[in-house]
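Here is a walk through one protein chain. Keep the structure open and follow along, one piece at a time.

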Amino acid sequence: MGSSENNSKVDRIILFYDIETSLMKLAGFSLYGGYFSHDDILEDWRILSAAYKFSDQKTTRVVYGEEKKILKTMLAAFQRADFIVHHN
């Protein structure tokens, strides 16, 4: 029996993405010590924008504005991708 080679190319779609978030507002008495509890959070962070690119496309896309809009857009991108790479 001879060996058979599979020469078919399977393209996988890779999603590359990065998000930008706002700062948290915290209540504290000192800049030193570095410990804040969840009770010290005055305003939590939120997603400001996201940038993403698929491996099969040349264009990088940026979405910003309402956090819900950003999350819906990114969810659709995640669902299209076979693999996801995040930059932090």
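I14 has F83 as its bridge partner in β6. These two residues belong to a pair of strands, β1 and β6, which run parallel and share 4 bridges. Two strands count as paired if DSSP finds at least two bridges between them. Strands themselves are DSSP runs of E with at least two residues, helices are runs of H or I with at least four residues, and both are numbered from the N terminus.

A word on the source. This is a predicted model, in which local features need pLDDT of at least 70 and side-chain atom pairs count only at pLDDT 80 or more, while totals for chains, interfaces and linings use all residues. Residues are numbered from 1 along each chain as its sequence is written, and side-chain values use heavy atoms, with hydrogens and water left out.

Now go to the other partner of β1. Strands β1 and β4 are antiparallel, and 7 bridges join them. Find two of the facing pairs. L15 stands opposite F54 in β4. E20 stands opposite S49 in β4.

Next, step from β4 to β5. Strand β4 covers residues 47–54 and is joined to β5 by 4 bridges, again antiparallel. Y52 faces R61 in β5. A50 has V63 as its bridge partner in β5. The two strands β4 and β5 form a hairpin, with 6 residues between them.

What order do the strands take in the open sheet? Reading across, it is β5-β4-β1-β6, so the sheet has 4 strands, and their pairing is mixed. The edges are β5 (61–64) and β6 (83–86), each of which pairs on one side only. On average, neighbouring strands are turned by 25 degrees against each other, direction ignored. Such angles are taken between axes, which are lines fitted to C-alpha atoms (for helices over the stretch in contact); angles run from 0 to 180 degrees between N-to-C directions.

A helix lies across this sheet. Helix α1 spans residues 67–80 and lies across β1 (14–21), β4, β5 and β6. It runs at about 25 degrees to β4. Contact here means heavy atoms within 4.5 Å.

Look back at S49, in strand β4. Is S49 buried or exposed? It is buried, with a relative accessible area of 18%. The cut-offs are these: buried means under 20% relative accessible area, exposed means over 50%, and partly exposed lies in between (1.4 Å probe, protein chains only). S49 touches D18, I19, E20, V63, Y64 and I70, leaving out residues up to four places away in sequence.

S22 sits in the loop between β1 and β2. At 18% relative accessibility, S22 also counts as buried. With residues up to four places away in sequence left out, S22 touches D44, W45, R46 and L48.

Now turn to charge. Side chains of opposite charge can pair when their charged atoms come close. How many salt bridges does a search of the whole structure find? It finds 2. A salt bridge is a side-chain nitrogen of Lys or Arg within 4 Å of a carboxyl oxygen of Asp or Glu.

E43 is partly exposed at 39% relative accessible area. K25 is partly exposed too, at 48%.

Another salt bridge joins D56 and R80, at 2.8 Å from N to O. Here too the pair links distant parts of the chain, 24 residues apart: D56 is in the loop between β4 and β5, and R80 is in helix α1. D56 is partly exposed, with a relative accessible area of 45%. For R80, also partly exposed, the value is 34%.

Finish on the surface. M24, L26, F36 and W45 form a nonpolar patch there, with about 360 Å² of accessible area together. Accessible areas come from the Shrake-Rupley method with a 1.4 Å probe, and for residues only the protein chains shown count as cover. Patches are made of residues with over 30% relative accessible area and no salt bridge; nonpolar side chains (Val, Leu, Ile, Met, Phe, Trp, Tyr) are joined within 5 Å, like charges within 9 Å. One member, L26, is found in strand β2. L26 is partly exposed, with a relative accessible area of 37%.
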